[in-house]
Every structure is written in structure tokens, then in C-alpha cells.
Amino acid sequence: MTNTPAAPARQALRTPRAAGLAGVLFALLLAAAVVLIRLAIPEGAAAVSVPGLTDSTRREAVRAALGLVPLAGIFFLWFVGVIRTRVGAAEDKFLATVFLGSGLVFVATMFGAAAAAAAVLATARSSGPAPSPVAWDFGRHLAYELMTGYAMRMAAVFTCSLSVMGHRLRILPRWLTVLGLLATLTLLFVASNVPWAELAFPGWALLLSVHILTVPNRHVRPGTAGPAT
């Protein structure tokens, strides 16, 4: 005789663990995109010129990075889902709203930055007339500001809200909470001015995802605290 509830129960146990891989994939894809962009454009938007991006190596590096962004965004949404599953019904409604909202805005802003960068790249063809300086400057600065000025700050809000919520419910170890707060400060105040500082977000997300994959999932009931680590 088949026990029908067993299959859903096994699936419910497998889902958070399998979805935790999405966080790892998101972190690796976003980190790869950042590295490719920084290697192609080491000094940011101010260093981008039409002749610079007509160089085939740099142009292909930027194009490869832009191709990774949609995949990173998709895996990030799965990552948000597994976090909410892990927190369960005990989530703080205020922090959970900030956490979810900032995550969604982060993805939207990241996609906007990638779309703007792709539009700029399309104007930097090796053949044909050069784009007008006004259009070129607008496009490159729009893409750069969306990513470093807005997307990274939304990532900071996401990291901070999740770190505080994980600390209150005692579902995150102290070292991971501290790293989350340090990443928040870096993304808020450093990422827009210091190259490579954007890697703080995928680095923290990777550590969090590994923690989710290696530590058994224990739902926290409302009014109780999870196990301290």
C-alpha cells in the first residue's frame, strides 16, 4: 500500500536544499559578470570610449558579461524563494517586506543596467558612423550608475535586512551576520567609488548559500527562536 503523503513530504524536504544551489549559481554568475566587466573596463564609465569598445577582445568580454546577467537574475529569484522557505512563518513582516522588495528592485535595476549597457555596446560597432557624443555619454553613464549606484545599494538593503532577520530568528550564525553587515557597508558606501567592491555581494551570497546547503533546514515557528550557531 502506497503512502501518498510521503512523496510531497520528501519533495518539501528536497526543495530548499536543491534551491540553495540557485544561490551558488547566482553568486558565481554575478561574480563572473563583474570580473569580465572590470577586466574590460577597469576604470568604470569614465574610461569607456568608442575606440575602446571597438576593440574585439574588450567588446566580447562585455558582451559575455551581459549575457550572464539574465541568468544571474533568474537564479537570484530562486535564491530569494529558498530564503523565505527557510525562514518560514516566523519571518518578521516588516523586515521580510524590505528583504523581498529590495531583492526585486535589485533584479529590475540590474536588468536595466544590462539593457542600457547592451544598447551602448550596439552603438560601438567597428564599422559605420560613430555614435553622437551626447548619446554615448548618456548611455554609458546610465548603465554604470544603475549598476553601481542603485543596484548595489538595493543589494545592500537586501543583505542588511536578511542579516538582521536571520540574527533575530537565530537561523544564521554570528559570523555570517557580521559578514552580512560588513558587506552592507561596503555596498552602500564603497561600491560606487572603489572598483571590485561589488564582489562583496556575490561573495556574501555564496557563503550564505553554502551554509544553507550544509546546515539542515529547521523551520522556525512563530514566537520561537532557531538554533544558535
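This is a predicted model: local features need pLDDT of at least 70, side-chain atom pairs count only at pLDDT 80 or more; totals for chains, interfaces and linings use all residues.

Reader: What makes H3 and H4 roughly antiparallel?

Author: Their angle. Helix H3 (residues 56–87) and helix H4 (residues 93–123) pack at about 165 degrees. Their axes are 10 Å apart. Axes are lines fitted to C-alpha atoms, for helices over the stretch in contact, and angles run from 0 to 180 degrees between N-to-C directions. Angles under 35 degrees count as roughly parallel, over 145 as roughly antiparallel, 65 to 115 as roughly perpendicular, and the rest as oblique. H3 and H4 are therefore roughly antiparallel.

Reader: Which hand does the crossing of H3 and H4 have?

Author: It is left-handed. That term is used if the near helix is turned anticlockwise from the far one by less than a right angle; clockwise gives right-handed.

Reader: Which classes of residue make the contact of H3 with H4?

Author: There are 20 nonpolar, two polar and three charged residues. Nonpolar covers Ala, Val, Leu, Ile, Met, Phe, Trp, Tyr, Cys and Pro; charged covers Asp, Glu, Lys and Arg; the others, Gly among them, are polar.

Reader: Why is H6 called roughly antiparallel to H7?

Author: Helix H6 (residues 174–189) and helix H7 (residues 200–214) pack at an angle of about 160 degrees, with axes 9 Å apart. That angle makes H6 roughly antiparallel to H7. The crossing of H6 and H7 is left-handed. The contact includes Trp 175, Leu 176 and Leu 179 of H6, and Trp 204 and Leu 207 of H7. By class, the contact of H6 with H7 has ten nonpolar, three polar and no charged residues.

Reader: Why does Thr 109 count as buried?

Author: Buried means under 20% relative accessible area, exposed means over 50%, and partly exposed is in between (1.4 Å probe, protein chains only). Thr 109 has 12% relative accessibility, so Thr 109 is buried. Thr 109 sits in helix H4. Leaving aside neighbours within four places in sequence, Thr 109 is in contact with Leu 146, Tyr 150 and Ala 151. Contact means heavy atoms within 4.5 Å.

Reader: Is Arg 140 buried or exposed?

Author: Arg 140 has a relative accessible area of 14%, so Arg 140 is buried. Arg 140 belongs to helix H5 (residues 133–169). Arg 140 and Ala 119 are 21 residues apart in sequence, and 9.0 Å apart in space, C-alpha to C-alpha.

Reader: What makes Leu 207 partly exposed?

Author: Its relative accessible area is 37%, so Leu 207 is partly exposed. Leu 207 lies in helix H7. Not counting residues up to four places away in sequence, Leu 207 touches Trp 175, Leu 176 and Leu 179.

Reader: What share of the residues in the chain is buried?

Author: Buried residues make up 43% of the 229 residues.

Key. Residues are numbered from 1 along each chain as its sequence is written. Side-chain values use heavy atoms; hydrogens and water are left out. Helices (H or I, at least four residues) and strands (E, at least two) are DSSP runs, numbered from the N terminus.
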